[in-house]
Amino acid sequence: MARDSKTPTSKSGTTAVSLSVNGVDRKLVVGQHESIADVLRDRLDLRGTKIGCNSGECGACTVLLDGVAVCSCVTLAATVSESSVVTVEGLAREGELQELQQAFMEHGAFQCGFCTSGMLMSAYALLSQQRKPSDEAIRTALQGNICRCTGYVQILNAVRDAAARS
Amino acid sequence: MNASPPMYDVVGKRLNRLDGAGKVTGAAVYASDFSLPGMLHGRILRSPHPHAKIMRLDATAARKLPGVRAIVTGASQKLNRFGNFIKDFEVFATDRVYHIGQAIAGVAADSEYAAEQALKAIEVEYEPLPAVFDAIDALAQDAALVHPEWQNLKAAPIINRDGNRCGRTVIKFGDVEQGFRDSYRVYEHVFRTSPVHAGYTEPRVAVAQWSGPDQATVWCNAPLLFDTQSALAEIFGLPASHIRVVVPGIGGGFGGKLRLGMEHYAMALARAAKRPVRVMSTSEEELTAALFRQPATIELKTGVDREGRIVAKKGRIVVDSGACSGSGPLVASTATMILAGPYRIPNAEIEGVAVYTNNHPNGSVRAPSGPMPNFATESQMDMIAEDLGLDPLEIRMRNILREGDIAVNGQKMTSVGLAECLEKAAACIDWSQRKPEQSRGKGLACGWWMTSRGSSGAYLKLMQDGTLTMMVGVVEMGTGALTGAAQVVAEEMGMQLFDINVVSADSLTTPYDFGSQGSRTMFAVANASREAARDLLTKMRTRAAKALGADEGALEMREKAFWNGEKKITFAELAAQANAAVGGLIAEATYIAPAVEHGAARVQNHFSPSWPSPSFHVHATDVSVDEVLGEVTINRYVVAQDVGYAINPTYLEGQLEGGAVQGVGQALFEEIIMVNGQVQNGNLTDYKMPTSMDVPPIEVILVTHPSVAGPYGAKGVGEPPSIQPPAAVANAVAAACGKRIMQLPITAEKILMD
């Protein structure tokens, strides 16, 4: 996901970035080490995005970056200026849960819930691109999101159901 | 036993969980989300040696680095040793390290990055010492001692130890040698299993803050509030009440967080820095310095008669505790029951041994004593069946425990749903077609487990809006245990599930609880809360009768009100009245499962000699093996479990599916690869956990033989589904391609190896 920053890096190693986060424009000065996950959690207090492995392997930190599901813990904020980021906090509209969130609740698609934010974002990215994904497509879309609790069965059911409802 | 159960309004229903909305919107707060103003970040320096003397430790340069606020070493703070059964853990090493990954120093700094830089600047010189890495080697007379001073380490009286042996349990009855002489055939095999990680997704984390020289609060993700509190009190030499343990939320545990994680480090650093400190385990630390499931070596000798009935069983399971005993002695002890299995056995001698090595200390993982001995005993059952020309289902049907049988621990079995589990699992997997095609076969495995005892308390109060608040000292691990307990309370109170507000996981405000472990959480908390609810209802009824000027007996309770004919007083009105007049309506109750009789003469040094509210389970699977590539594909997977009663079938199924998939991970690919005490695959790319791509179609069958002690007959359910998968898969692989795997995991290499 690395890309050329449109804004120059200052001598102090910081970069000014502007991001649309859940539809709100944010202007921030970020350090070289700061990932999108760090910015979301520590700078914007959006802690729904979780950090599990912090190395792009578990998927708990998944957010949408310009509509694509990415691991926000290994994507540097300084490289994504002018992008749009959607997090789990951006799914419900005015308190109204998305079909996907509702389906996760009804199917018991989470237990501890720590992977859920990332899981929802991966599933949301899929359903935004494919209205009626195949089972294979659902499994593939979620393969980067590790869930130890559910064994995925009820997650897959929830995503199928959300797709059928939409 | 399976007459159609009475219908209830709230229990038995697939209701959405209480903590659901927060978890799908990102609002739920986990321990790793918790922060305090002025909080520093801690990191831990760990030993690169499996066994060495610390010759020099110098943190002078590190202290001078920018942003560094405190450094703690074994010499700089006097901290007591700790450990659940033997005091063999040190917070920071003093003069010697005995495993790779052992903590030597902690740094608190303005950022994790600054703390990390400081770790690199701490100078340590070591002089390596001889080390031992294999548990069987460690038992040899001339083995290097992991703790040469072992006799000086305080231990619980139940621990039977000697040198590197840090625990030994025996179940013995009948005459096993005579039994072997009387047997038609005797089978002897050795099985081995590898360490695996619990696999929780939220790393272990703690934020500590001292509010005075002898008072601290720790926010962490520990499932056992009160055990954590006492361990910290012991380490810091403080009264337990001076340490408050709060769990804001937890991202999985599966046993892996039962013992201290980061709490002690955070407390030591916060004390030194005089600021709040957060310590979170890194991904690498999680896979190299976490408390794994013990690897085990299992020797098993079984004698049977011509019909395949067990005549005698002799076994020994040796678990590698690592350099500190951790959960090892308990795991080895309980493993004796699993190694015996849910079978009629006239003569037995089963031994469980825990051993120190210079590997990383191990802990508890979901059904800590389960999968290793079950893999051995259930694999051997199939090997015996094959040799005798018996169907693996039939040999089990001839040997399983049934209602009224005496188990190996001398306990009389009641509410035994095992035969039904076997029949239903076999029917579901279409057992009569065991070999549907070339390279494809089916396998099954039986198991049993207990609902752990330990007590629970509950406080209830009626709220001014007519709802009820329930305060309990457990942690909602995600199983839905507290939703289940709340369903039980709601049923009792004539309320709806969402009328129950649950407060939990604060050692200061909630009642004592043995904690979220041992498949007991919903069972014990629901029993305590239900008792409290009955008491509260009695008080409410008395006040309602007075208010309505009626006899208590004449009152009818419905729609959250008491009625006398047309006149009513609502719960809300009752609460408001009582709040104004007498300090509200509150109730409390405690619960511990009744003791179960067992044959005391049969057991020595046994941690769990009786088996309260036992559960029974059968897993069956249909696999295909690619005989060129060695790849195993699970075509179908069936879990049949005697759950007693399903308080909320959705979350019960979630437990069984999730547990089975976790077990399939251990069966097929999960393995912490350790070479000379050093983990070789310390990341989630090389340590493989099941993903959405690996999950087979799973069918869950709930068998319900109610437990007398359980709420509505429920039995503990959380741990058992992780027990049987390795054996079920191994048996299916053997049926598919004729290759019998004796060591977990069942990798392609092992399948292809001659």
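Helices here are DSSP runs of H or I with at least four residues, strands are runs of E with at least two, and both are numbered from the N terminus. This is a predicted model, in which local features need pLDDT of at least 70 and side-chain atom pairs count only at pLDDT 80 or more, while totals for chains, interfaces and linings use all residues. Residues are numbered from 1 along each chain as its sequence is written, chains are lettered from A and ligands numbered from 1 in the order in which they are written, and side-chain values use heavy atoms, with hydrogens and water left out.

Let's start with chain B as a whole. Its secondary structure comprises 18 helices and 29 strands. Along the principal axes, the C-alpha atoms of chain B fill a box of roughly 85 × 70 × 50 Å. The radius of gyration of chain B is 27 Å, which agrees with the value near 27 Å for a compact globule of 754 residues; this radius is taken over C-alpha atoms, and the globule rule is 2.2 Å times the number of residues to the power 0.38.

Now look inside. Of the 754 residues of chain B, 65% are buried, meaning under 20% relative accessible area with a 1.4 Å probe, protein chains only. Among contacts (heavy atoms within 4.5 Å) in chain B with a separation of 6 or more, 80% join residues 24 or more positions apart.

B:G261 sits in the loop between β11 (243-246) and α7 (263-273) of chain B. B:G261 counts as buried because its relative accessibility is 6%.

Note on methods. Buried < 20%, exposed > 50% of the residue type's maximum accessible area, 1.4 Å probe, protein only.
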